[in-house]
Amino acid sequence: MSALRKTVLGLSTFGNALAIGANAIGTLVVLGLVAIVNYDVVARGVFNAPFLGAVEVVQFSMVLIVFLQLPDVVRVNRLTRSDGFLVVVGARYPRFAGFLRHVVDTISAALMALIALAIWPEFVEMWQTQDYFGVPGVFTAPWWPVKLVICLSAALCTWLFTCKVLLPAIRPAWGRGREHEDTE
């Protein structure tokens with residue numbers, strides 16, 4: 001195995017570990033969101049005192065959840081897309097289907113890189129201005145954490161797609177269960 005291939009494989013493994021960690025954090029955000037919604041329901045119904053920032057927290061959390069769990073979805077090849085054509089073509093022309101997957105991963109890496117590059121200036125601006133969302137006096141939170149998570153998630157997805165392009169024959173099965181088996 002060449003030194004470049006070993007390096008890319010090591011980077012892929014590290015990227016996979018980061019994706020799993022981000023997914024775990026996203027799961028904790030889901031659990032926190034469940035706790036906040038339950039608290040709001042009970043406080044509203046029993047004490048007639050709702051959690052005033054519930055709507056803002058839900059909006060904030062939804063974006064965090066999606067972008068924290070996106071890299072793991074990319075890692076296990078479960079990004080929502082139509083694979084019907086590739087499955088049909090792959091049965092008869094596996095090399096052509098592999099080439100098409102390679103093209104799709106290349107385009108996906110480029111698009112994720114564009115997202116990361118586009119959101120970075122927004123993050124910097126929100127960091128500097130300390131802009132916030134919510135209702136002043138009721139509930140406010142800064143925008144920059146959301147922008148940072150979007151940027152880092154898109155960068156990690158770029159990394160994972162790039163590793164898939166550079167190592168098409170190696171599919172890291174590390175961290176994957178039986179439910180993630182490819183039907184290809």
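Leaving aside neighbours within four places in sequence, Leu68 is in contact (heavy atoms within 4.5 Å) with Ala22, Asn23, Ile25, Gly26, Val29 and Val149. The model is predicted, so that local features need pLDDT of at least 70 and side-chain atom pairs count only at pLDDT 80 or more, whereas totals for chains, interfaces and linings use all residues. Residues are numbered from 1 along each chain as its sequence is written, and side-chain values use heavy atoms, with hydrogens and water left out.

Of the contacts in the protein with a separation of 6 or more, 75% are between residues 24 or more positions apart. Buried residues make up 33% of the 184 residues, where buried means under 20% relative accessible area, exposed over 50%, and partly exposed in between (1.4 Å probe, protein chains only).

Leu68 is also one of the residues with the most contacts inside the largest nonpolar core, together with Leu64 and Met112. This core has 25 residues; a nonpolar core is a set of buried Ala, Val, Leu, Ile, Met, Phe, Trp, Tyr and Cys residues joined through side-chain atoms within 4.5 Å. Helices α1, α2, α4 and α5 each supply at least two residues of the core, and α5 gives the most, with 9 residues. Leu64 is found in helix α2 and is buried, with a relative accessible area of 12%. Apart from its neighbours within four places in sequence, Leu64 is in contact with Val29, Pro145, Val146 and Val149. Leu64 and Val146 are 82 residues apart in sequence, yet their C-alpha atoms are 6.4 Å apart in space.

Side chains of opposite charge can pair when their charged atoms come close. The structure holds 3 salt bridges, each defined as a side-chain nitrogen of Lys or Arg within 4 Å of a carboxyl oxygen of Asp or Glu. One of them joins the side chains of Arg44 and Asp40, at 3.2 Å from N to O. These two residues are 4 residues apart in helix α1 (residues 3-46), and are therefore separated by about one helical turn. Arg44 is partly exposed, with a relative accessible area of 46%, whereas Asp40 counts as buried at 10% relative accessibility.

Another salt bridge is formed by the side chains of Arg75 and Asp72, with an N to O distance of 2.6 Å. Both residues lie in helix α2 (residues 54-75), 3 residues apart, about one turn of the helix. Arg75 and Asp72 are both buried.

Lys147 forms a salt bridge with Glu122, the closest N and O atoms being 2.8 Å apart. This pair links distant parts of the chain, with Lys147 in helix α5 (residues 144-166) and Glu122 in helix α4 (residues 94-129), 25 residues apart. Lys147 is buried, its relative accessible area being 14%, while Glu122 is partly exposed at 32%.

The strands β1 (residues 132-135) and β2 (residues 139-142) run antiparallel and are joined by 4 bridges; two strands pair if DSSP finds at least two bridges between them. The bridge partner of Gly134 in β2 is Thr140. The hairpin of β1 and β2 has 3 residues between the strands, and Gly137 takes a positive phi near 90° in this hairpin.

The accessible surface of the protein comes to about 11,400 Å², of which 70% belongs to carbon and sulfur atoms. Accessible areas come from the Shrake-Rupley method with a 1.4 Å probe, and for residues only the protein chains shown count as cover. On this surface, Phe85, Tyr93, Phe96, Phe99, Val103, Ile107, Leu111, Leu114 and Leu117 form a nonpolar patch with about 950 Å² of accessible area together. Patches are made of residues with over 30% relative accessible area and no salt bridge, with like charges joined within 9 Å and nonpolar side chains (Val, Leu, Ile, Met, Phe, Trp, Tyr) within 5 Å. Helix α4 gives the most to the nonpolar patch, with 7 residues. Phe96 has its place in helix α4 and counts as partly exposed at 41% relative accessibility.
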